[in-house]
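The exercises below are meant to be worked through with the sequence and the structure in view. Try each task before reading the solution that follows.

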Amino acid sequence: MELRKRRELIGRVFEGIALTATTIGLVALTLLLLDVARRGLGVLSWSFFVNYPSRFPEQAGIRSALLGTLWVISLTALFSVPLGIAAAIYLEEYAPRNRLTRLIELNINNLAGVPSIIYGLLGLELFVRGMRLERSILAGALTLSLLILPILITASREALRAVPMSLREAGFALGATRWQVVRHQVLPVAFPGILTGIILSLSRAIGETAPLITIGALTFIAFDPRGPLDKFTVLPIQIFNWVSRPQEGFHRLAAGAILVLLVVLLSMNAFAIYLRNRLQRRYQW
Amino acid sequence: MEEIILEAQNLTVYYDGRPAIEEVNLRIPRRRITAIIGPSGCGKSTLLRCFNRMNDLIPSARVEGKVLFEGVNIYTPDVDVVEVRRRIGMVFQKPNPFPKSIYENVAFGPRIHGVRDRRKLDEIVERCLRAAALWDEVKDKLHQNALTLSGGQQQRLCIARALATEPEVLLMDEPASSLDPIATMKIEDLMRELTREYTIVIVTHNMQQAARVSDYTVFMLAGEERVGRLIEFGPTQQIFTRPRDRRTEDYITGRFG
C-alpha cells in the first residue's frame with residue numbers, strides 16, 4: 001500500500017517537472033514574441049517596406065534588406081538543392097558500402113555541426129578573394145550553400161532511407177535500371193521528406209548573419225540589387241545594424257524587421273509542413 | 001521427357017564469404033510449377049533469387065557456378081541483367097505494389113522497356129489484369145491508388161505487374177504467406193491457370209501448398225554448419241508419397257521443421 005502511494009507520487013512529481021519545463025519554454029517564447037510585437041508592430045507600414053535604410057529612423061525601411069534576402073535565398077536554393085539531393089542519392093543509392101563512403105558520411109555529419117562563422121571565413125577566402133566575386137550576392141549565396149549542404153544532404157538521405165527496400169526490389173525485378181528505380185519509384189516517395197529538408201535548411205540560411213558579415217556584406221545599401229554580382233545586405237544584418245544603434249527609433253525598426261523575418265520563416269515552415277502532410281497522404285502504407 | 005528452361009549447375013552462394021547454399025544442381029521444366037520447400041534458413045529464397053540475379057543487389061553476396069536460362073549462363077559478364085529480369089519475373093513475399101495507381105503499377109514494366117503508345121499500354125494492362133484474375137474487381141477503378149486494395153488483391157496486382165514485361169518464368173517467394181486462406185486459394189488457382197504459358201518456381205513454407213499446386217518439388221535442408229543443400233528433387237507426387245531420402249520423409253511427415 002505504502003509502496004503504491006510512493007510510486008504514484010514519483011510519477012506525479014515527474015509529470016510536474018516535465019510540465020514546468022514545457023511551460024518555461026513556451027512562456028519565454030511568448031514573452032519574446034509579445035515584446036517584439038509591442039515594439040515593432042507600430043513601424044509596420046507601406047513605407048517601411050519600400051524605403052531604403054536611412055539616418056532618420058522615421059524614413060528608414062527594409063527595402064534593400066528584403067530584396068537582398070530574396071536574392072540570396074533564391075540563389076542559395078538554386079545552388080544547394082540540386083547538389084544536396086544529387087549527393088544524397090549518390091550516397092544512399094549508388095555508393096558502395098565501404099570505408100571511404102563511411103568516412104564521407106561521418107564528415108558530412110561533422111560539417112553540419114561546424115559553427116557558421118567558420119563558413120564565413122571559408123567564403124571570404126574562397127569566393128570573395130579567391131574567385132574575386134567581391135562582396136556580392138553570389139559570394140553570399142555560395143557561402144550559405146556550403147553552410148546548408150550538409151544539413152540538406154543528411155535530411156535527403158534520411159528521406160531516401162525511409163523508402164522501403166521492397167519498393168526498390170519490385171522495380172529491379174521488373175528489369176528497371178538503377179536510375180529508373182530511383183527516378184520513378186524512390187524519389188516520388190522520398191520527395192515530401194526531401195522537401196521538408198530543403199525548406200528547413202533554407203530557413204536556417206535565411207536567418208544566418210555571421211557568415212555574411214564575415215564575407216563583408218554591407219549594412220548600408222541604399223539601392224536595389226539588380227544582379228548576382230551586386231553588393232547587398234540581408235534582413236538579419238539590417239536588424240543587427242539597427243539594434244546596435246543607440247536611438248530608440250532604430251530599436252523599433254529592428255523589432256519591425258524581426259517581425260517580418262519571423263513571418264517569412266514561419267510561413268516557410270508552415271508551407272513545408274503543409275506539403276509534407278499533403279504528399280504523405282498519397283503514399284500511406 | 002520435359003523441356004528444361006532453367007538449370008542450376010554447381011551453384012554456390014556466399015554471403016560475406018560464408019556459403020549459404022552449396023553445390024546446387026537443379027533442372028526446372030518449362031510450363032510447370034516447381035516448388036522449393038524446406039525449413040527456415042535452408043537457402044530456398046537465396047536459390048530463388050539466383051534465377052533473376054536479385055542477389056546482385058546484396059553487396060556481400062557472391063555467386064559461383066552457373067544458371068542456364070534457355071541454355072545461356074546468365075552469370076557471364078556480357079549478359080544484360082535488365083533483360084534477364086524482364087524475362088524472369090518475380091513476386092515477393094509481402095505484396096509490394098508501387099504507391100501509384102493500379103494502372104501505373106502494371107504499365108511501369110512495359111514503359112521502362114520502351115512501350116510508349118497509350119493504346120498498347122491500355123491493352124497490356126487489361127490483358128495482365130485479366131491473366132491475374134483481378135480485372136473484374138478493379139476495372140472501374142484503374143486510376144485508384146493500388147494501396148487501397150486488399151492484401152490478396154495487391155498480391156495479384158504484383159503478379160499482373162510481373163506478367164506485363166512478358167516474362168517466360170515467374171519466381172514466387174512465398175507469395176501467399178501474408179494472405180488469408182481465401183486469398184491464398186485464389187493465388188493458387190491463378191498459378192495453375194498461368195502454367196499454360198509460364199514456368200513458375202515457388203518458394204513455400206507451406207507443405208500442403210506445395211503438394212496442392214506444384215508439379216515438381218525441391219527439398220532443401222541446411223545441416224549443422226547451416227549451409228543449404230538440395231536434398232531431393234522429383235515429381236511432387238513422388239516426393240510426397242515415396243521420398244527417396246530419409247530426411248525428406250522426416251520433413252514432409254512433420255517430424256521436424
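pLDDT is the predictor's confidence in each residue, on a scale from 0 to 100. The model is a predicted one, and the first exercise therefore asks about confidence, since where pLDDT is low, the predicted coordinates should not be read in detail.

**Exercise 1. Confidence**

Task: State how confident the predictor is in chain B, and find where in chain B the confidence is lowest and where it is highest.

Solution: Begin with the whole chain: chain B averages a pLDDT of 93, and 100% of its residues score at least 70. Next, go through the elements of chain B, where the lowest confidence falls in helix H7 (residues 181-194), with a mean of 91, and the highest in strand E8 (residues 199-203), at 97. Finally, for the complex, the predictor reports an ipTM of 0.92 together with a pTM of 0.86.

**Exercise 2. The domains of chain A**

Task: Work out how chain A is divided into domains, and describe the contact between them.

Solution: The division gives domain 1, covering 2-43, and domain 2, made up of 48-165 + 193-282. The C-alpha centres of these two domains of chain A are 31 Å apart. Six residues from domain 1 of chain A and eight residues from domain 2 of chain A take part in the contact. Sorted by class, the side of domain 1 that touches domain 2 in chain A consists of three nonpolar, two polar and one charged residues.

**Exercise 3. Helix packing in chain A**

Task: Describe how helix H3 of chain A packs against helix H8 of chain A, and then how H3(A) packs against helix H6 of chain A.

Solution: Two packed helices are described by the angle between their axes and the distance between the axes. For H3(A) (residues 63-94) and H8(A) (residues 178-207), the angle is about 140 degrees and the axes are 9 Å apart. Angles over 145 degrees would count as roughly antiparallel, and H3(A) and H8(A) are therefore oblique to each other. Their crossing is right-handed. The residues of H3(A) in this contact include Ile73(A), Val81(A), Ile85(A) and Glu93(A), while those of H8(A) include Arg178(A), Val186(A), Ile198(A) and Leu202(A). By class, the contact of H3(A) with H8(A) holds 13 nonpolar, two polar and two charged residues.

Turning to H6(A) (residues 137-161), its axis lies 6 Å from that of H3(A), at an angle of about 35 degrees. H3(A) passes H6(A) in a right-handed crossing, and their contact has 20 nonpolar, six polar and four charged residues.

**Exercise 4. Chain B, from its interface to its helix pair**

Task: Identify which elements of chain B supply at least two residues each to the side that touches chain A, and describe the packing of H3(B) with helix H4 of chain B.

Solution: The interface brings 22 residues of chain B into contact with 20 residues of chain A. On the side of chain B, helix H2 (81-87), strand E6 (88-91) and helix H3 (102-112) each supply at least two residues, with H2(B) giving the most, four residues. By class, this side of chain B has eleven nonpolar, six polar and five charged residues.

The axis of H3(B) comes within 9 Å of that of H4(B) (residues 118-131), and the two cross at roughly 115 degrees, which makes H3(B) roughly perpendicular to H4(B). Tyr103(B), Val106(B), Ala107(B) and Pro110(B) of H3(B) make the contact with Leu121(B), Ile124(B), Val125(B), Cys128(B) and Leu129(B) of H4(B). By class, nine residues of this contact are nonpolar, with no polar and no charged residues.

Definitions and conventions: Residues numbered from 1 in each chain as written. Chains lettered and ligands numbered in written order. Predicted model: local features only at pLDDT ≥ 70, side-chain atom pairs only at ≥ 80, totals over all residues. Domains from an automatic or database assignment. Contact = placed C-beta atoms within 7 Å. Nonpolar A, V, L, I, M, F, W, Y, C, P; charged D, E, K, R; others polar. Axes fitted to C-alpha atoms, helices over the stretch in contact; angles between N-to-C directions. Parallel < 35°, antiparallel > 145°, perpendicular 65-115°, else oblique. Left-handed = near helix turned anticlockwise from the far one by under 90°.
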